[in-house]
Amino acid sequence: MNKMTQNELRIGNYVYYEHTTHVVSGVHGNSIYSWWVKDGKPVIEYEAKDSSGTQVENPYMDVVSQYEPIPLTEEWLEKLGLTKSTLDNDFEPNEPKWYSWIKGAFNLEIQENGEIWFEVYSHYIHVKWVHQLQNLYFALTEEELTLKEK
């Protein structure tokens, strides 16, 4: 199991919990609160009614060690709304082919071996997990990177 810590997570990050996709709805100490995701949207469940008769939300909650990061794949890049294009490297025919995944001015590069990299001023950052990409995208664009609804 791949480990992550609560300080890597933000509300809205996608993670695996009990082999299903969840979206983080809160972090408190060593606990993560989350909603199950279906068709690109969180499924919010209600427990009961409080004393005023209002339904009370009942998110999943467990310690961070029970959650897993989601490996970043081309399928996930597409689900998150990025578009694939081939980079032309005909000038170096023996070099591995790179692909570019783009959303607006945001650009990731993926090698034929599946490794995904973000480049900033000739410095490359290896992005392995969906939540890492979401955090990077938000830090640079001030916009959330969310699943496309089906």
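Trainee: Which residue does Arg-10 form a salt bridge with?

Mentor: Arg-10 pairs with Glu-144, and their closest N and O atoms are 2.7 Å apart. A salt bridge here is a side-chain nitrogen of Lys or Arg within 4 Å of a carboxyl oxygen of Asp or Glu. Keep in mind that this is a predicted model: local features need pLDDT of at least 70, side-chain atom pairs count only at pLDDT 80 or more, and totals for chains, interfaces and linings use all residues. Residues are numbered from 1 along each chain as its sequence is written, and side-chain values use heavy atoms, with hydrogens and water left out.

Trainee: And where do Arg-10 and Glu-144 lie?

Mentor: Arg-10 forms that salt bridge with Glu-144. Arg-10 is in the segment before strand E1 (14–17) and Glu-144 in the segment after helix H2 (130–141), so the pair ties together parts that are 134 residues apart in sequence. Helices (H or I, at least four residues) and strands (E, at least two) are DSSP runs, numbered from the N terminus.

Trainee: How accessible is Arg-10?

Mentor: Arg-10 counts as partly exposed, at 24% relative accessibility. Glu-144 is also partly exposed, at 39%. The cut-offs are under 20% relative accessible area for buried, over 50% for exposed, and partly exposed in between (1.4 Å probe, protein chains only).

Trainee: How many salt bridges does the count come to?

Mentor: The count comes to three. Another of them joins Lys-84 and Glu-74, with the closest N and O atoms 2.9 Å apart. That pair links distant parts of the chain, with Lys-84 in strand E9 (residues 83–86) and Glu-74 in helix H1, 10 residues apart. Lys-84 is partly exposed at 39%, and Glu-74 is partly exposed at 32%.

Trainee: What about Lys-79, which side chain does it meet in a salt bridge?

Mentor: Lys-79 meets Glu-75, at 3.7 Å from N to O. Both residues lie in helix H1, four residues apart, about one turn of the helix. Lys-79 counts as partly exposed at 31%, while Glu-75 counts as exposed at 53%.

Trainee: Switching topic: is Ser-34 buried or exposed?

Mentor: Ser-34 counts as buried, because its relative accessibility is 0%. Its place is in strand E3 (residues 31–38).

Trainee: Which side chain does Ser-34 have a polar contact with?

Mentor: The side chain of His-22, at 2.9 Å. A polar contact is a pair of N or O atoms within 3.5 Å; within protein, one must be able to donate a hydrogen and the other to accept it, and residues adjacent in sequence count only if both atoms are side-chain atoms. Leaving out residues up to four places away in sequence, Ser-34 also touches others, including Val-23, Pro-59, Tyr-60 and Tyr-67. Contact means heavy atoms within 4.5 Å.

Trainee: How many residues of E11 are buried?

Mentor: Five of its six residues are buried, and strand E11 (residues 106–111) is mostly covered. E11 also pairs with strand E12 (residues 116–120), in the antiparallel sense over two bridges. Glu-109 stands opposite Trp-117 in E12. That hairpin has four residues between the strands, and Gly-114 takes a positive phi near 95 degrees.

Trainee: And how many bridges join E12 to E13?

Mentor: Four, again with an antiparallel run. Val-120 has His-123 in E13 as its bridge partner. In this hairpin there are two residues between the strands, and Tyr-121 takes a positive phi near 50 degrees.

Trainee: Last one: how many helices and strands does the chain have?

Mentor: Two helices and 13 strands. Of its 150 residues, 33% count as buried.

Notes:
Pairing = 2+ DSSP bridges.
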